[in-house]
Amino acid sequence: MAEPSEILRDFVARLMAGEGAEVEIIEPGGLEFMAPPGVQQSLKVPEFGRLGFGAEIPSDSERVSFESDWIQRLGNVLGERGRLLRRKLNVEPPPLAHPERVLQHGLILGNAVHQLLNVSPGWTRYLVCSFRYEAFSDEKRDGIVKIAINLTTSSPVDEFIPAFEAALAAGGGAAREWRGSGTGIPESWSRERLNKLIRAVLPERIRASLAPFLGGLERRLERDSARLFEYYDGLRKESSRKTRRHEGEQDPEKSAALEQTRVAAINREYQAKVGDLEQKYALKIDVAPIQTLELTMPVRRFEVIVKRRKKERRLLLDWNPIVRKLEHPLCEHSYSSASVYVVCDEALHLVSPEAHASCESCGKEYCRACHPSRCPKCR
Ligand SMILES: [Zn+2]
Ligand SMILES: [Zn+2]
């Protein structure tokens with residue numbers, strides 16, 4: 001695996017060369033360039049010079065690192081380029097010797113049966129959408145989350161992303177988009193359809209990615225709240241001790257009124273401090289899409305009938321040749337995948353067990369895909 005500084009060096013070299021500069025890598029940590037006027041302007045560099053990467057940089061070189069303002073300069077040169085990558089992976093899926101067994105293991109329905117109708121060669125298009133998030137509270141965290149989806153079957157395939165990226169990095173992708181007629185490659189989804197899915201799954205993904213940070217945040221908040229409570233509780237107790245100590249010296253009514261005023265002031269101050277704490281630990285998250293990868297590749301397409309009581313529905317699932325796995329269907333409520341699915345009676349939705357859990361008030365199970373806002377039995 002290349003060092004991050006080498007990846008950055010190679011990226012800068014390719015970007016500058018692509019913009020018309022002469023670039024030569026001079027030693028592991030450095031490159032030498034001759035830049036045309038456009039590059040001089042956009043990257044704020046002289047006509048000739050050296051750039052240094054990593055711990056040891058060549059003499060007379062300007063240091064380029066992920067922490068420097070070079071990231072901004074490189075971003076300015078890139079502009080909107082590199083946002084969408086289209087690739088075709090031409091892998092030949094092997095014929096499956098026991099497709100029934102693949103289906104048996106790959107699709108588990110808790111309350112319904114399935115039957116394999118047909119397995120045929122097909123093509124599909126995957127979308128891998130990457131988002132960068134920044135979470136601000138008393139500390140700051142950032143990260144990248146990715147969502148992957150099969151556009152033919154709607155299957156969520158996040159777990160395939162590393163394998164897709166590895167296949168592309170190994171040079172498996174052809175740049176040219178392959179558009180044959182009658183190939184059954186789905187067109188891209190409408191913006192609304194895609195946005196609906198992204199809005200449904202992104203918060204949970206970001207929450208999962210931030211879990212350790214959120215845990216720490218909660219612990220710090222709890223610790224500070226406990227300290228605050230202890231301190232002001234101490235003040236209140238001190239105040240009533242004072243009142244008791246002076247019992248008999250003062251008019252009891254006057255002394256009670258004084259005590260009340262003191263406690264009220266303490267409580268006001270305590271509430272203000274709690275408000276400050278809430279503000280300090282409030283969490284704000286910014287999310288922005290950064291890149292989309294569109295990957296077209298052949299698959300084995302499973303046509304399945306799902307039967308529940310007297311009803312049935314047809315389901316398409318793809319077997320992916322890179323991961324060599326049958327994809328899970330989409331939970332039609334959470335838009336995620338699950339290990340077991342429940343099939344609803346009304347519309348034969350495939351949902352995760354949580355999306356078909358019992359109602360908290362009447363105890364009856366119901367489908368959240370059919371009834372997203374409330375239980376149909378006790379509305
Ligand atoms: Zn209910
Ligand atoms: Zn349903």
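**Zinc sites and overall form of the predicted model**

The site of the zinc ion (ligand 1) is tetrahedral, with angles of 105 to 118 degrees among its 4 donor atoms. In this predicted model, the ion is coordinated by the SG atoms of Cys-359, Cys-362, Cys-375 and Cys-378, at 2.3 to 2.4 Å. Along the chain, the donors of ligand 1 follow the spacing C-x2-C-x12-C-x2-C. Both Cys-362 and Cys-375 lie in the segment after strand E13 (350-351), so the pair ties together parts that are 13 residues apart in sequence. Cys-362 has a relative accessibility of 35% and counts as partly exposed, because this value falls between the limits of 20% and 50%. Cys-375, in contrast, is buried, with a relative accessible area of 5%.

Cys-344 counts as buried at 1% relative accessibility. His-349 has a relative accessibility of 17% and also counts as buried, because the value is under 20%.

The protein contains 8 helices and 13 strands. Its radius of gyration is 30 Å, well over the 21 Å that the globule rule gives for 379 residues, so the protein is more spread out than a compact globule. Taken along the principal axes, the C-alpha atoms fill a box of roughly 100 × 80 × 30 Å. Of the 379 residues, 38% count as buried. The protein exposes about 22,400 Å², of which carbon and sulfur atoms supply 51%. Among contacts between residues at least 6 apart in sequence, 60% join residues at least 24 apart.

One buried position is Phe-302, with 0% relative accessibility. Phe-302 is found in strand E9 (residues 284-308). Not counting residues up to four places away in sequence, Phe-302 touches Leu-96, Pro-99, Val-102, Leu-103, Leu-116, Asn-118, Val-119, Leu-315, Leu-316, Leu-317, Trp-319 and Leu-326. From this set, Val-119 is 183 residues from Phe-302 in sequence, while the C-alpha atoms of the two are 4.6 Å apart in space.

Lys-44 is found in the loop between helix H2 (37-43) and strand E3 (48-52). At 55% relative accessibility, Lys-44 counts as exposed, because the value is over 50%. Lys-44 touches Val-39, Asp-69 and Arg-73, with residues up to four places away in sequence not counted. Lys-44 and Met-16 are 28 residues apart in sequence, and the distance between their C-alpha atoms is 12 Å.

Backbone torsions were also examined. Most residues other than glycine have a negative phi. Lys-44 has a positive phi of about 55 degrees although it is not a glycine. Tyr-335, also a residue other than glycine, has a positive phi near 65 degrees. Tyr-335 is found in the loop between strands E11 (325-326) and E12.

The mean pLDDT of the protein is 89, and 96% of its residues reach 70 or more. Among the elements, strand E12 (residues 342-343) has the highest mean pLDDT, 97. The lowest mean pLDDT among the elements, 63, belongs to strand E8 (residues 173-174). Over residues 178-182, pLDDT stays under 50. For residues 178-182 the model has 6 contacts beyond four places in sequence. Where pLDDT is low, the predicted coordinates should not be read in detail.

Conventions. Residues numbered from 1 in each chain as written. Chains lettered and ligands numbered in written order. Predicted model: local features only at pLDDT ≥ 70, side-chain atom pairs only at ≥ 80, totals over all residues. Heavy atoms only, no water. Buried < 20%, exposed > 50% of the residue type's maximum accessible area, 1.4 Å probe, protein only. pLDDT = per-residue confidence, 0-100. Helix = DSSP H or I, 4+ residues; strand = E, 2+ residues; numbered from the N terminus. Contact = heavy atoms within 4.5 Å. Rg over C-alpha atoms; globule rule 2.2 N^0.38 Å. Areas by Shrake-Rupley, 256 points an atom, 1.4 Å probe, with all protein chains shown as cover. Donors = N, O, S within 2.8 Å, 3.2 Å for Na, K, Ca; no water. Tetrahedral: all angles 85-135°; square planar, octahedral: opposite > 155°, others 65-115°.
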